[in-house]
Amino acid sequence: MDLVLSVADQLVLDTVYAKLLPLTAFVDAPSIPTSSPQAVLSTSPSAWTGLVRSLPHPPISPEVVSSALNSTISSVSAWPRDYFPRQVVSVSVLTIIGIHLLYFIFAGLSYYFIFNHEMMKHPKFLKNQVRLEIQSSLRAFPGMTVLTLPIFLAEVRGHSKLYDNIEDCGGWTYLILSVPLYLVFTDYFIYWIHRVLHHPLIYKYIHKPHHKWLIPTPFASHAFHFVDGWAQSLPYHAFIFIFPLQRVLHLVLFVAVNFWSIFIHDSEMITGSMWETIINGPSHHTLHHLYFTCNYGQYFTWADRAGGSYKQPMPELDPFLEVMAAKKAGKAE
């Protein structure tokens with residue numbers, strides 16, 4: 001998030017904050033030399049300026065004013081980049097925008113180009129299910145944002161172990177090894193969080209809404225209770241506070257795992273692959289939605305194997321067989 005925030009500040013947010021919360025609103029007219037072309041304050045501030053002046057702001061020293069005058073004071077915000085309230089607002093907005101973009105772009109692409117639309121004829125596919133999945137996701141996003149906000153703020157305020165220069169932390173060797181480390185770490189802890197969410201004392205309150213979709217589409221990937229989504233995202237966030245991770249690589253991995261979460265919800269049952277006993281793909285997750293108590297893992301099958309919850313995808317378990325059977329029965333009639 002700190003990389004995204006830095007780019008957003010440079011491209012958009014500095015200008016937005018300078019327009020909405022200008023430094024001039026908090027600086028008394030005598031603080032600016034009247035001979036300066038930047039002496040823009042009037043003795044009768046506008047209603048907006050009056051409102052802005054009621055907001056909190058960091059102390060404005062003469063040095064800050066002097067530095068602003070060297071450029072254009074109207075282009076400087078009273079809320080600098082490292083001001084905590086600004087970071088709260090910026091991170092919240094970027095999170096909401098980001099999660100919507102990731103969801104609709106990746107889920108949309110998967111739905112239109114990968115998902116087998118014949119699966120919508122399955123007897124367990126709900127009426128208006130796609131619309132219901134999207135509505136459920138949109139309801140979850142604000143709550144997930146609020147719960148994740150403290151973690152993102154800790155990250156942007158420099159408390160994580162993210163780094164920029166590859167040579168500062170083990171060079172290319174560690175950079176490459178950090179990828180499998182990230183995947184194994186997050187997969188293992190997501191497995192246990194997911195399994196705990198299936199405990200009877202928790203399941204019906206938190207995780208059951210996600211299992212409403214027995215034949216999920218990619219839009220079901222985020223269609224869950226907001227606490228459910230937040231809980232299963234915790235390993236991704238925890239990793240960068242425990243292990244060093246290159247900043248750009250972190251962003252790439254974060255986007256990639258979001259795509260994977262969407263991809264495994266396409267209800268496909270492709271069997272016979274040499275990787276299916278290692279990779280927890282769409283076939284495995286389809287079985288999880290159908291049978292509930294198997295294949296809790298995110299990317300790999302090893303945790304399910306060790307935990308006794310692995311279910312092997314088999315051709316005879318393919319839910320598409322029921323679609324085909326229904327078609328044949330319809331033709332027979």
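Where does Phe-292 lie?

## The H10–H11 loop: Phe-292

Phe-292 is found in the loop between H10 and H11. In this predicted model, Phe-292 comes after H10 and has a positive phi, near 75°. Phe-292 is not a glycine. Most residues other than glycine have a negative phi.

Is Phe-292 buried, exposed or partly exposed? With a relative accessible area of 28%, Phe-292 is partly exposed, because buried requires a value under 20% and exposed a value over 50%. Phe-292 is also among the residues that His-211 touches.

## The H10–H11 loop: Gln-298

Gln-298 lies in the loop that runs from helix H10 (282-291) to helix H11 (302-307). Its relative accessibility is 9%, so Gln-298 counts as buried.

The side chain of Gln-298 makes a polar contact of 2.8 Å with the side chain of Ser-261. Beyond four places in sequence, the contacts of Gln-298 are Asp-187, Ile-190, Tyr-236, Trp-260, Ser-261, Ile-264 and Asn-280.

## Helix H10 and its surroundings

H10 is mostly covered, with 9 of its 10 residues buried. The buried residues are Pro-282, Ser-283, His-284, His-285, Thr-286, Leu-287, His-288, His-289 and Leu-290. What do they pack against? Their partners are helix H6 (171-197), helix H7 (200-207) and helix H9 (247-263).

His-211 sits in the loop between H7 and H8. At 4% relative accessibility, His-211 counts as buried, and its side chain is joined to that of His-207 by a polar contact of 3.3 Å. Leaving out residues up to four places away in sequence, His-211 touches His-198, Tyr-203, His-288, His-289 and Phe-292. Two of these, His-288 and His-289, are among the buried residues of H10.

## The largest pocket

The largest pocket has a volume of about 860 Å³. It is lined by 40 residues, of which Ile-99, Leu-102, His-222, Phe-254 and Asn-258 are the closest to its centre. Which helices each supply at least two residues of the lining? They are helix H4 (84-113), helix H5 (129-156), H6, helix H8 (226-242) and H9.

Leu-102 lies in helix H4. Between Leu-102 and Asn-258 there are 156 residues of separation in sequence, but their C-alpha atoms are 7.5 Å apart in space. Leu-102 is in contact with Asn-258, and also with Ala-107, Val-255 and Ile-262, when neighbours within four places in sequence are left aside.

## The H4–H5 loop

Asn-128 lies in the loop between H4 and H5. Its phi is near 55°, a positive value in a residue other than glycine. Asn-128 counts as partly exposed, because its relative accessibility is 40%.

Pro-123 has its place in the loop between H4 and H5. With a relative accessible area of 58%, Pro-123 is exposed, because this value is over the 50% cut-off. Pro-123 is 196 residues from Pro-319 in sequence, and the C-alpha atoms of the pair are 9.8 Å apart.

## Overall fold and surface

The protein has 12 helices and 2 strands. Along the sequence, the elements follow the pattern α-α-α-α-α-β-α-α-α-β-α-α-α-α. Of contacts between residues at least 6 apart in sequence, 75% join residues at least 24 apart.

Buried residues account for 45% of the 333 residues. The protein exposes about 16,800 Å², and carbon and sulfur atoms supply 67% of that area.

## Confidence

The mean pLDDT is 87, and 88% of the residues reach 70 or more. Where does pLDDT stay under 50? Residues 29-43 form such a stretch, and the model has 23 contacts beyond four places in sequence for them.

Conventions: Residues are numbered from 1 along each chain as its sequence is written. This is a predicted model: local features need pLDDT of at least 70, side-chain atom pairs count only at pLDDT 80 or more; totals for chains, interfaces and linings use all residues. Side-chain values use heavy atoms; hydrogens and water are left out. Helices (H or I, at least four residues) and strands (E, at least two) are DSSP runs, numbered from the N terminus. Buried means under 20% relative accessible area, exposed over 50%, partly exposed in between (1.4 Å probe, protein chains only). A polar contact is a pair of N or O atoms within 3.5 Å; within protein, one must be able to donate a hydrogen and the other to accept it, and residues adjacent in sequence count only if both atoms are side-chain atoms. Contact means heavy atoms within 4.5 Å. Accessible areas come from the Shrake-Rupley method with a 1.4 Å probe; for residues, only the protein chains shown count as cover. pLDDT is the predictor's confidence in each residue, from 0 to 100. On a 1 Å grid over the protein atoms alone, a cavity is a set of points where a 1.4 Å probe fits but cannot get out, and a pocket is an open set with protein on both sides within 12 Å along at least five of seven lines; lining residues have an atom within 4 Å of a point. Grid points are joined across faces, edges and corners, and a volume is the space filled by probe spheres set on the points.
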